[in-house]
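Biologist: Could you walk me through this model, one question at a time? I would like to see how each answer is reached.

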Amino acid sequence: MMNIRPKKEDDDLAIKEIYSLYWTDKYFLKHTLERLKDSLDPLAPKISYFVAEEDSVVVGVIGFRGAPLHMQFFSKTSNPAELYILAVKNQKFGVGKNLIKKIISETKKLGYTEIVLFSSVSFKNSWSFYDHMGFERVESAIAPNEEQGQTWRVEL
Ligand SMILES: CC(C)(COP(=O)(O)OP(=O)(O)OC[C@H]1O[C@@H](n2cnc3c(N)ncnc32)[C@H](O)[C@@H]1OP(=O)(O)O)[C@@H](O)C(=O)NCCC(=O)NCCS
């Protein structure tokens with residue numbers, strides 16, 4: 001049975017292993033792992049993380065936050081959230097879909113009006129996943145770190 005719940009500090013090692021499956025860029029990996037601790041730093045932009053758990057094993061992670069300025073540009077409503085990160089341990093077992101469903105309900109509950117996201121060309125394999133999940137492509141874009149990619153949005 002899959003359970004989706006807020007991340008706990010104990011989950012960080014399992015999350016690190018999942019990130020390492022896909023992020024080989026050491027700098028990005030380090031930055032992303034440091035971001036897991038944002039929730040402990042009141043001054044940092046707050047990312048809310050949820051994990052998918054199966055038989056007490058963490059099999060996926062998703063994080064969102066209020067959309068930063070550079071992402072608000074791709075929104076059409078007043079209070080967008082940003083899907084910050086998503087990764088699963090084993091692909092195509094429904095974990096990604098359940099994590100997306102969870103943040104759709106959580107962001108709605110928090111009063112967000114929309115979810116926006118950026119995905120870089122190095123993750124092009126996952127782009128049709130977002131199309132399939134009902135996200136609408138906005139435009140191609142360049143991330144603050146100058147990576148080329150694509151943006152999506154979905155209204156809540
Ligand atoms: C992208 C990712 C999160 C998808 O999660 P997943 O658990 O493999 O996806 P699911 O099994 O929940 O798939 C849900 C639906 O999307 C479809 N789908 C999954 N991956 C897809 C893809 N790459 N392209 C098109 N459709 C896809 C599934 O067939 C399924 O369809 P259905 O509901 O009609 O049966 C996962 O592949 C992943 O972690 N990829 C590596 C990291 C990554 O790319 N993260 C995103 C970076 S921006």
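Modeller: Gladly! One definition to start: Ala, Val, Leu, Ile, Met, Phe, Trp, Tyr, Cys and Pro count as nonpolar, Asp, Glu, Lys and Arg as charged, and the others, Gly among them, as polar. Please keep in mind that this is a predicted model.

Biologist: How do the residues of the shell around the ligand divide into nonpolar, polar and charged?

Modeller: The ligand has 18 residues around it, and Gln91, Gly96, Lys97, Ser126 and Ser128 come nearest. Two or more residues of the shell come from each of β4 (80-88), α4 (95-109) and α5 (127-132). Sorted by class, the shell holds eight nonpolar, eight polar and two charged residues.

Biologist: Which strands are at the edges of the sheet?

Modeller: The sheet is open and mixed, with seven strands in the order β1-β2-β3-β4-β5-β7-β6. On average, its neighbouring strands are turned by 25 degrees against each other, direction ignored. An edge strand pairs on one side only, and that describes β1 (2-6) and β6 (136-142).

Biologist: Which residue is the bridge partner of Glu114 in β7?

Modeller: Strand β5 covers residues 114-120, and β7 covers residues 148-155. These two strands pair in the antiparallel sense over seven bridges. Within β7, Glu114 has as its bridge partner Glu155.

Biologist: Are α1 and α2 roughly parallel or antiparallel to each other?

Modeller: Helix α1 takes in residues 12-22 and helix α2 residues 26-35; their axes come within 11 Å and cross at roughly 150 degrees. Angles over 145 degrees count as roughly antiparallel. The two helices α1 and α2 are therefore roughly antiparallel.

Biologist: What residues of α1 and α2 meet, and how do they divide by class?

Modeller: From α1 come Lys16, Tyr19 and Ser20, and they meet Leu29, Thr32 and Leu33 of α2. By class, the residues of this contact are three nonpolar, two polar and one charged.

Technical notes. Residues numbered from 1 in each chain as written. Predicted model: local features only at pLDDT ≥ 70, side-chain atom pairs only at ≥ 80, totals over all residues. Axes fitted to C-alpha atoms, helices over the stretch in contact; angles between N-to-C directions. Helix = DSSP H or I, 4+ residues; strand = E, 2+ residues; numbered from the N terminus. Parallel < 35°, antiparallel > 145°, perpendicular 65-115°, else oblique. Contact = placed C-beta atoms within 7 Å. Near = placed C-beta within 6 Å. Pairing = 2+ DSSP bridges.
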